Amino acid sequence: PGACGCGVPDTDSDGDSVPDCNEICPGGNDTVDSDGDSVPDDCDVCPGEDDTIDANTDGIPDCFCFAKMFLHVDDPEDLCIQPGEPVTVTLSMECLLDPAFGYQVFVSFDPNMLVFDSGTYLPEPFGQPVLVPITASNGEINLAAGINGQAGQGPTLADSDMLTLTFLATNTSGFTTVDFRTGPFPSRLTGQDGTPSEVLLIDSNEIEIDNVLPESVCPGDMT
């Protein structure tokens with residue numbers, strides 16, 4: 001048999017001497033891998049770096065950075081909580097292509113699973129809150145802040161945390177997330193003269209609420 005096994009022709013559609021059955025980069029030259037990461041140059045996301053490193057297993061190489069705002073829970077212990085316990089969700093931005101002067105963000109959560117407790121705008125890099133105080137209504141939170149020129153702040157490209165939201169778990173067991181809300185007003189970063197900056201929006205990681213008391217049976221506690 002050939003490289004593709006019995007009864008399977010060793011067809012090489014793109015003429016790179018690698019049969020289609022073993023092709024890594026269809027239409028490209030699989031034999032050229034300048035950075036030695038086993039990903040051919042024609043399909044290399046991060047030329048000069050290792051595309052195979054993906055620490056958070058999200059399918060995106062660690063070396064690849066794209067402009068985004070994202071909601072996230074950093075403390076692993078907050079990912080599985082019992083009724084009445086708090087969970088803090090942080091809004092952050094990374095890998096901006098254009099300087100940001102401010103932002104508007106519209107968040108939603110399931111009020112059957114979470115009760116909004118408090119929110120805090122961080123003083124850097126956007127030290128001028130616009131929508132204050134931070135409140136929730138029917139599972140929705142509206143947020144906005146900008147640079148504070150009087151405090152010497154200017155437009156920024158820096159990877160930054162922007163605000164924190166704290167919720168309390170209800171008595172309802174299950175999984176939930178805190179999300180960017182869809183609707184007539186988009187969540188976005190704002191550039192010069194109020195022009196929107198294109199960024200990817202990523203909802204929070206999953207939060208599990210376990211109402212089995214007094215001991216939690218969250219996966220991390222099981223042996």
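This is a predicted model: local features need pLDDT of at least 70, side-chain atom pairs count only at pLDDT 80 or more; totals for chains, interfaces and linings use all residues.
Colleague: Which residues touch the most other members of the largest nonpolar core?

Modeller: A nonpolar core is a set of buried Ala, Val, Leu, Ile, Met, Phe, Trp, Tyr and Cys residues joined through side-chain atoms within 4.5 Å. Buried means under 20% relative accessible area, exposed over 50%, and partly exposed in between (1.4 Å probe, protein chains only). Here the largest nonpolar core has 35 residues, and Tyr103 and Phe167 touch the most other members. Strands giving two or more residues to this core include S1 (68-72), S3 (86-94), S4 (102-108), S5 (114-121), S8 (140-146) and S9 (160-169). S9 gives the most, with five residues. Strands are DSSP runs of E with at least two residues, numbered from the N terminus.

Colleague: With which residues is tyrosine 103 in contact, leaving aside its neighbours within four places in sequence?

Modeller: Contact means heavy atoms within 4.5 Å. On that basis, the partners of tyrosine 103 beyond those neighbours include Leu91, Tyr121, Phe126, Leu143, Met162 and Leu189.

Colleague: How many aromatic pairs does the structure hold?

Modeller: A pair of aromatic rings is described by the distance of the centres and the angle of the planes. Rings of Phe, Tyr and Trp (its six-membered ring) pair if their centres lie within 6.5 Å; planes under 30 degrees apart count as stacked, over 60 as edge-to-face and the rest as tilted. The structure holds four such pairs. In one of them, phenylalanine 106 and phenylalanine 185 have ring centres 6.2 Å apart and planes at 40 degrees, so the pair is tilted. This pair links distant parts of the chain, with phenylalanine 106 in strand S4 and phenylalanine 185 in the loop between strand S11 (179-180) and strand S12 (188-190), 79 residues apart. Phenylalanine 106 is buried, at 11% relative accessible area, whereas phenylalanine 185 is exposed, at 57%.

Colleague: Why is the pair of phenylalanine 116 and phenylalanine 167 edge-to-face?

Modeller: The planes of these two rings stand at 70 degrees, with the centres 5.8 Å apart, so the pair of phenylalanine 116 and phenylalanine 167 is edge-to-face. Phenylalanine 116 lies in strand S5 and phenylalanine 167 in strand S9, 51 residues apart. Both residues are buried. Phe109, Phe116 and Phe167 form one aromatic cluster.

Colleague: How many disulfides does a search of the whole structure find?

Modeller: A disulfide is a pair of cysteine sulfur atoms within 2.5 Å. The search finds two. One joins cysteine 4 to cysteine 21, with an S to S distance of 1.9 Å. The torsion about its S-S bond is about -85 degrees, so this disulfide is left-handed. Cysteine 4 is buried, at 15% relative accessible area, while cysteine 21 is partly exposed, at 41%. Another disulfide joins cysteine 25 to cysteine 43, with S to S 1.9 Å. With 80 degrees about the S-S bond, the link of cysteine 25 and cysteine 43 is right-handed. Cysteine 25 counts as buried, at 2% relative accessibility, and cysteine 43 as partly exposed, at 34%.

Colleague: In what sense do S4 and S8 pair, and over how many bridges?

Modeller: Strands of a sheet pair through backbone hydrogen bonds, either parallel or antiparallel. Two strands pair if DSSP finds at least two bridges between them. S4 and S8 pair in the antiparallel sense over seven bridges, and glutamine 104 has alanine 144 in S8 as its bridge partner. S4 also pairs with S12, antiparallel over three bridges, where glycine 102 stands opposite threonine 190. Two bridges join S4 to S11, again antiparallel, with valine 107 opposite phenylalanine 180. Of the seven residues of S4, six are buried.

Conventions. Residues are numbered from 1 along each chain as its sequence is written. Side-chain values use heavy atoms; hydrogens and water are left out. Helices (H or I, at least four residues) and strands (E, at least two) are DSSP runs, numbered from the N terminus.
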